[in-house]
Amino acid sequence: MLESVGSRPGNLSARRRENVPAFLFFLLAALAFTWPMILRLHRAVPVDTGDPLLNAWIISWGSRTLFTAPTRLFQANIMYPARDVLAYSEHLFTMAVLTAPFYWAFGNPLLSYNLLLIGGLVFSGFGCYLLVRHLTGSRWAALVGGFLFALGSYKFSQLSHLQIMFSPFLPFMLLCLLRYLEGGRKRDLLLFALFCLAQSLSSWHYLVFCFLAAGLLWLWRAAASRGREEWRRLAGVLLALGAVLLVVLPLALPYLRAHARLPGFERNLTEIKGFSAHPGDYLTALKGNLLYSRVSSLLPQGEIGEERVLFPGLAAFLLALLALAGWARERKRVPGDTFHRGLPLFFLLLAAVSFLLTLGPEVAGKWNPLYMIPYRLGMLRFIRVPARFYVLFLLSLAVLAGYGTAWALTRVGGRGGRIPAYRAWGAVLLALVALENVNLPLPMVDVPHGGGIPQAYRWLEKEEAVIVELPTLGLGEEHRYDRLLDFLPRDPHAYSELEGLRVYFSAYHRKKTVNGYSGYFPYSYNRIFYEMEAFPSRRCVELLQGLGVTHVVWHWDLVPPEREGEYRRRLLSTPGLRPAADLGEEWILEVEEGEVSRPGDLELEALVPEVVRPGEPFNLGLAVRNSTPLPTVVTEEEPQGFRLVITDGEGEAVEEERGTYRPPFFLQSGEGTVLPLRCRKAPEKEGSYRLHLHLEEGIFSERRFSFTLGVREMPASENPSLLDGRVEYAGADGVVQVPAPDGLFPLDFRVTAGGDTYLLAARESREEEVARPRGLVHLALRFEKEGPVWEEQRGTLPCDLPPGQSVLLPTLIRPPDTPGRYKLFVGLTDEGFRWFGEVLVLEVEVGDGSG
């Protein structure tokens with residue numbers, strides 16, 4: 001069973017001719033199991049218009065840019081004004097190169113995408129076929145293994161994730177690595193490196209998968225190596241892997257840049273745990289499976305696009321068990337060295353390691369060192385879905401099933417297909433595996449293409465423009481709008497489908513667009529679209545002018561019919577907008593140029609707690625106000641540096657540290673905000689000190705501040721003694737006028753800490769605040785009109801507040817989405833959602849946006 005094809009005599013060209021029927025089998029199987037895709041290659045995508053169209057756009061962007069402006073590859077045209085936008089998702093470099101001829105010949109992103117999907121299945125199956133045949137010598141076993149790897153239900157559960165489905169080079173890589181370790185031919189080493197590189201450049205996931213599989217096989221070979229020649233080959237493998245890393249490195253640099261400057265760019269453990277597999281997921285079948293959907297009461301089922309549909313079929317498990325039983329029975333009778341006899345155990349090891357990795361950071365509630373050690377070392381921080389390590393489990397299972405098939409067939413009539421029973425039983429086993437993985441018909445969604453795309457995008461092709469497409473689908477309750485802003489659509493799936501279409505259409509008009517959709521949403525994107533919930537309004541127009549947006553594409557099909565008249569009036573009367581084209585379902589509005597002030601014109605004031613606790617970290621803030629008559633928009637993403645020095649009474653430095661803060665983004669005339677800063681440690685001894693804050697060169701140029709800082713023990717809001725406080729409105733008396741519904745609107749309050757307790761404003765990171773909310777104190781706001789009518793919102797204190805200190809708090813609120821008169825209740829709350837202290841009640845008039 002373990003005899004290698006490479007060791008058998010025979011003409012090489014004859015063996016290649018033998019492989020042609022196998023390739024045709026996988027081609028026909030891929031076409032059949034993706035039916036009816038072959039009929040709609042140029043006009044549809046599978047499943048939905050979210051991830052598939054995002055990936056179609058990435059591939060078309062790469063196919064074009066690599067040959068016209070390769071240095072601009074990562075400066076993609078979506079999510080303007082953000083930088084390195086392609087690094088927010090997989091770059092799909094290999095796929096862009098492979099489909100470049102089709103893109104330049106036909107200009108159809110859908111065709112390129114679908115050809116990659118089908119081709120990936122064909123070559124995944126054929127590559128695994130060659131691998132299993134090399135290991136077993138059995139063509140039927142190779143067909144079974146190749147089918148399981150390429151066309152198993154897991155691949156179809158990932159239909160919307162081409163970056164996971166596309167695995168054609170992985171089995172070829174292992175095949176060439178095995179051949180090199182066996183024969184030492186440089187040609188095999190070169191092919192191993194090329195296949196490893198091609199697969200690694202298709203997705204960062206596969207870089208990890210390739211190096212994990214190759215690394216384990218290297219260790220397995222090293223454990224059985226004794227001679228100098230074997231170690232020479234192992235050294236060659238290390239050199240090849242090093243060369244692959246050197247080639248991949250330039251594509252990693254934009255991701256490293258984005259990681260260094262963007263908050264939350266890496267995956268946190270809370271998010272990762274939500275996408276980790278559970279052992280029971282290995283019995284979750286794909287909904288719509290021809291066999292298991294009929295016996296749905298026996299197995300749990302999952303939808304296409306879900307990450308934890310991991311049941312490969314009963315036959316796969318049984319054949320893998322047969323492989324291990326056959327190995328145990330024949331291991332002493334099979335010729336060959338320890339390495340070759342033990343290869344079934346190697347694939348069992350690879351399956352076990354992959355299984356544990358799919359479980360993520362915890363196994364049965366316990367720390368999973370196999371996952372957490374590389375995560376802590378930074379090697380897995382970009383992977384959101386540990387369950388995707390199932391790709392390696394599936395490959396291992398496919399190989400073991402091939403071993404099991406080969407062993408079973410030797411029991412019923414020899415090998416090589418010369419005895420009819422051998423062929424008949426091989427066909428039966430292949431049919432059983434296929435039957436368990438029929439998921440037809442493939443769901444397809446038609447997408448406009450070529451001359452059929454909406455007229456607005458054809459109009460834009462001829463213009464020099466930076467655009468935003470509005471309205472968006474409704475955004476959900478974020479609750480906090482004043483600092484780091486998460487992006488929460490009310491219907492995430494519908495939002496991704498809509499933005500996926502807009503991203504796809506940008507492959508035709510190729511204009512910079514504020515819209516976009518990816519694996520990461522920068523603050524600028526989140527802030528812009530929460531602001532645009534109020535569009536059209538003067539505030540929205542000033543923001544667009546500051547960003548350099550020249551045109552708005554307005555989609556009437558997203559406006560409720562009863563509000564069409566209101567929006568027509570507002571669009572035609574809002575200053576700074578003028579109609580450019582009426583295209584029926586779409587209007588194109590031109591945004592007039594507007595002046596903005598410079599960041600250097602903003603007023604700065606440092607806000608520091610007068611007294612802090614000894615040895616503890618504390619929060620301070622940089623109050624920024626726009627006192628100019630013009631709005632300010634800052635698109636700089638780089639963190640700005642500051643230095644803190646705390647000196648004692650004799651002027652000696654007792655604490656010194658550096659940190660960074662985020663620039664402000666958008667301030668209308670008169671508006672203020674607070675930029676959070678943090679000191680990691682106060683002096684240990686009680687007493688009076690001086691705190692010196694130095695803003696280093698950046699958007700504000702060099703600024704210095706100095707304060708008296710007291711240090712003494714006092715209870716903190718984590719374990720309070722007496723929580724108390726007061727909030728006052730810092731604006732004009734009377735009814736607060738908000739010009740437009742929804743969106744964001746600035747208000748100023750004065751907060752005074754009462755009682756005897758130190759109020760904590762924030763923790764070191766947003767993740768830590770989620771993990772340890774107890775003790776944080778926020779401004780609380782609630783709109784009411786005959787009861788609560790809108791989300792309860794939070795505002796972050798500008799700095800920690802010791803008892804008796806009062807500070808000005810500029811914050812952003814999100815007004816109700818319906819015009820009218822409301823009561824706004826404002827107070828202080830701890831993170832147990834318990835209000836305390838005096839509550840302020842304001843009358844608020846929300847206008848209709850026409851003022």
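Reader: Which ring does Arg-782 lie over?
Author: Arg-782 lies over the face of Phe-825, at 5.7 Å from the ring centre; a charge sits over a ring if NZ of Lys or CZ of Arg is within 6 Å of the ring centre and within 35 degrees of the ring normal. Arg-381 likewise lies over the face of Tyr-375, at 4.5 Å from the ring centre. This is a predicted model, in which local features need pLDDT of at least 70 and side-chain atom pairs count only at pLDDT 80 or more, while totals for chains, interfaces and linings use all residues. Residues are numbered from 1 along each chain as its sequence is written, and side-chain values use heavy atoms, leaving out hydrogens and water.

Reader: OK, and how many aromatic pairs are there in the whole structure?
Author: A search finds 48 aromatic pairs, where rings of Phe, Tyr and Trp (its six-membered ring) pair if their centres lie within 6.5 Å, and planes under 30 degrees apart count as stacked, over 60 as edge-to-face and the rest as tilted. Phe-346 and Phe-347 form an edge-to-face pair, with 5.0 Å centre to centre and 75 degrees between the planes.

Reader: Is Phe-347 buried or exposed?
Author: Phe-347 is buried, because its relative accessible area is 1%, and buried means under 20%, exposed over 50% and partly exposed in between (1.4 Å probe, protein chains only). Phe-346 also counts as buried, at 0% relative accessibility.

Reader: Switching topic, what does Trp-554 touch?
Author: Not counting residues up to four places away in sequence, Trp-554 touches several residues, including Phe-535, Tyr-567 and Trp-587, where contact means heavy atoms within 4.5 Å.
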